[in-house]
Amino acid sequence: MDLKDVFKALEASENGSAMVEAVKTELAAIRKEAADARVGKNKAETDLAALTQKHGELETKLAEMEKKGAGDQTELQKVQSQVSELSKKLEASEEARREADAKRIQADIMAQTVDALTKSNAVDPQEFAKLIVPSITINADGGYEYAKADGTKGSIADCAADWLSGKAWAVKDTQKPGSGTGTGGGSGDNNTVQAQFEQALGL
């Protein structure tokens with residue numbers, strides 16, 4: 001189901017317009033976080049590339065000076081110091097790149113998980129995504145997957161569908177009120193749904 005179909009179904013339900021706006025706002029925020037993380041990762045890679053090039057140029061210069069074995073020792077020491085200092089910056093830049101990439105990956109997984117849960121009409125996609133994301137890993141091709149109960153690999157959409165399976169309380173009722181579905185249970189049923197919801201979120 002596409003998001004436009006989800007929104008159409010939600011709008012037909014009670015307080016549907018408000019729910020659609022809330023979901024759109026939530027998705028926009030999560031997608032912006034993922035986009036910002038990608039920008040940060042790209043900047044970290046650019047900075048690292050510039051430092052790597054400068055470090056290589058200084059190492060070449062130092063090697064040439066040492067090979068000559070003569071000349072101004074003060075200048076030689078200066079270049080050695082520059083190489084040492086740049087090596088430290090290079091190491092820090094590499095660490096920053098790794099952190100930026102890890103942040104990008106987690107933001108991307110979160111965005112895709114929330115998207116999958118939204119398409120499945122989950123009651124609270126963002127909160128449920130926090131429970132699902134730890135199960136998702138990166139495969140050899142750079143894509144995302146999770147291990148199914150039968151040992152096979154599934155997609156993020158599969159993971160969301162499997163998690164929601166059997167949890168009727170976690171899925172929105174998009175049918176119009178008064179349609180004769182008989183979902184308006186008593187207070188005991190409501191308490192059970194609330195308890196299951198809180199248990200899932202660790203409340």
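Is Glu-95 buried, partly exposed or exposed? At 34% relative accessibility, Glu-95 counts as partly exposed; buried means under 20% relative accessible area, exposed over 50%, and partly exposed in between, with a 1.4 Å probe and protein chains only. The model is predicted, so local features need pLDDT of at least 70 and side-chain atom pairs count only at pLDDT 80 or more, while totals for chains, interfaces and linings use all residues. Residues are numbered from 1 along each chain as its sequence is written, and side-chain values use heavy atoms, with hydrogens and water left out.

A salt bridge here is a side-chain nitrogen of Lys or Arg within 4 Å of a carboxyl oxygen of Asp or Glu. Both residues belong to helix H3 (residues 73–119), three residues apart, which is about one turn of the helix. Helices (H or I, at least four residues) and strands (E, at least two) are DSSP runs, numbered from the N terminus. Arg-98 is partly exposed, at 41%. The pair is also part of a network of salt bridges that links Glu-94, Glu-95, Arg-97 and Arg-98.

The whole structure has nine salt bridges. Asp-115 is buried, with a relative accessible area of 15%, whereas Lys-119 is partly exposed at 31%. In helix H2 (residues 16–68), Lys-32 and Asp-36 lie four residues apart, and their side chains form a salt bridge of 2.9 Å, N to O. Lys-32 is exposed at 53%, and Asp-36 is partly exposed at 41%.

Next come the nonpolar residues. In soluble globular proteins, nonpolar side chains tend to be buried together. A nonpolar core is a set of buried Ala, Val, Leu, Ile, Met, Phe, Trp, Tyr and Cys residues joined through side-chain atoms within 4.5 Å. The largest one has 27 residues, and Leu-117, Phe-128, Ile-136, Trp-163 and Leu-164 have the most contacts inside it. H2, H3, helix H4 (125–132), strand E2 (144–147) and helix H5 (156–164) each give two or more residues to this core. H3 supplies the largest share, eight residues. Apart from this core lies another, of 10 residues, including Leu-51, Leu-58, Leu-62 and Val-83.
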